[in-house]
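This briefing is intended for a reader new to the structure shown below. Please keep the sequence and the model in view while reading the points that follow.

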Amino acid sequence: MEFTIDKDTFVKALQKIQGIVEKRNTMPILSNVLIDATDDAIQVTATDLEVGMRSNYAAKVTTKGSITVSAKKLYEIIRELPDENIRFSTRENDWVDIKCGKASFNLVGLSPDEFPRFPKVIEESFVRLGAPLLREMIEQTSYAICQDETKYNLNGIFVKAASEDGRNVIRMVATDGHRLSIAEREVEGAVPPELANGAIFPKKGVLELKKLADEGDDELLIGFMDNNAAIRKEQTVVVMRLVDGEFPDYTRVVPAQNDKEVTVNRDRLHHSLRRMAILSSERFKGIKFDINGSVMEISSSNPELGEAREELEVSYDGPALISRFNARYLIDVLNVLTDDNVVLKLRDEMSPALITTENGNSFQAVIMPMRL
């Protein structure tokens with residue numbers, strides 16, 4: 001195999017798959033990248049058996065063929081080469097020769113026969129979704145993904161599609177047991193039947209999906225096969241194995257009786273919470289809301305450091321109310337919103353808070369209360 005490729009193109013190709021390759025080295029081949037040289041392009045593939053990625057890049061191919069080589073080392077080498085075309089070739093014993101300017105490297109490769117098979121993707125039943133829509137929905141939910149690996153059914157985002165009032169909507173949900181985030185958007189056209197009952201996209205796959213959405217505003221195509229989801233954008237395909245298990249009934253967690261609505265400026269609340277969190281407990285970041293009329297007092301205390309309090313103007317016409325929450329959870333919610341104002345829907349001191357925007361129910365966050 002032999003091909004010549006632009007350095008920047010090769011760097012981009014190898015950088016893109018760094019988040020995919022297996023880091024734990026349970027199978028040496030999974031830390032390698034598969035490079036296939038075809039007529040006028042190379043195909044770059046990486047997988048950890050849970051998430052896989054394949055992309056095509058223009059190259060001048062002299063001899064067709066395939067090889068696998070360490071993804072990390074190859075990326076580190078190519079990144080440091082001079083800004084000239086790179087000649088990449090293989091020998092019969094699976095060694096790889098890399099030449100660029102006056103620099104040359106010889107790397108040990110592994111036979112492509114050992115590399116896991118990348119599933120063939122048939123795009124007939126794919127649904128088209130805009131990159132900005134996906135990007136925003138992932139941002140508004142991924143922060144609440146559970147980080148406890150033992151709770152495998154919470155280690156991802158639950159994606160569900162439904163037809164409501166003549167509209168097709170897609171919903172993303174994430175929870176770690178202490179907080180819940182729901183993002184919902186209307187979509188055009190039919191939705192995949194696999195999403196009617198919902199599917200759990202793994203955390204790593206969600207991260208790669210977000211990276212694809214960040215690369216531009218072109219549409220993404222999403223489809224399903226067996227127990228996998230496939231996403232295609234331009235010349236890149238990502239395939240991820242869906243999480244086995246049942247996602248909890250999140251609708252039972254969303255409080256329906258929270259009738260005390262507090263509207264507050266998002267930016268002012270955000271900065272106030274960050275200030276109050278400085279003196280809260282390092283582990284729990286507990287803060288207290290004391291709401292009375294049009295004033296919300298936010299306070300925190302730590303016996304070892306001191307205490308802090310601050311007043312904010314709010315819109316509220318209910319009875320006096322006290323609530324306690326983890327400041328970090330509230331800050332995470334405010335980080336993913338762009339509206340001028342947010343609405344805190346409360347019930348009593350020991351009930352969870354429901355956070356929404358003034359512009360409808362396209363976003364909802366639930367945060368459990370704390371005992372301080």
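Phe88 touches Met1, Glu2, Phe3, Phe10, Ile35, Ile67, Leu74, Val96, Asp97 and Ile98, leaving aside residues up to four places away in sequence. The model in which these contacts occur is a predicted one.

- Phe88 belongs to strand β7, which covers residues 86–90.
- Because its relative accessibility is 0%, Phe88 counts as buried, the cut-off being under 20%.
- Lys99 lies 11 residues from Phe88 in sequence, and the C-alpha atoms of the two residues are 6.7 Å apart in space.

**Division into domains**

- The protein is divided into domain 1 (2–114), domain 2 (127–250) and domain 3 (254–367).
- A distance of 28 Å separates the C-alpha centres of domain 2 and domain 3.
- To the contact between these two domains, domain 2 gives 13 residues and domain 3 gives 14 residues.

**Area buried between domain 2 and domain 3**

- The size of an interface is often expressed as the accessible area lost when the parts come together.
- Between domain 2 and domain 3, about 1,100 Å² is buried, with 51% of it on carbon and sulfur atoms.
- On the side of domain 2, Tyr143, Arg179 and Ile182 lose the most area to domain 3, and together they account for 45% of what that side buries.

**Polar and charged links across the interface**

- One salt bridge is counted between domain 2 and domain 3.
- Arg179 forms a salt bridge with Asp332, and the closest N and O atoms are 2.6 Å apart.
- Six residue pairs are in polar contact across the interface of domain 2 and domain 3.

**The side of domain 2 that touches domain 3**

- Strand β13 supplies the largest share, seven residues.
- By type, the residues of this side comprise five nonpolar, three polar and five charged.

**Gln140 in helix α3**

- Gln140 is located in helix α3.
- Is Gln140 buried or exposed? Gln140 is buried, because its relative accessible area is 5%, and buried means under 20%.
- The side chains of Gln140 and Arg185 make a polar contact at 3.1 Å.
- Apart from residues up to four places away in sequence, Gln140 touches Ser181, Ala183, Arg185, Val336, Leu337, Ser362 and Phe363.

Note on methods. Residues numbered from 1 in each chain as written. Predicted model: local features only at pLDDT ≥ 70, side-chain atom pairs only at ≥ 80, totals over all residues. Heavy atoms only, no water. Domains from an automatic or database assignment. Contact = heavy atoms within 4.5 Å. Buried area = accessible area lost by both parts, 1.4 Å probe. Salt bridge = Lys/Arg side-chain N within 4 Å of Asp/Glu carboxyl O. Polar contact = N/O pair within 3.5 Å; in protein donor to acceptor, adjacent residues only side chain to side chain. Helix = DSSP H or I, 4+ residues; strand = E, 2+ residues; numbered from the N terminus. Nonpolar A, V, L, I, M, F, W, Y, C, P; charged D, E, K, R; others polar. Buried < 20%, exposed > 50% of the residue type's maximum accessible area, 1.4 Å probe, protein only.
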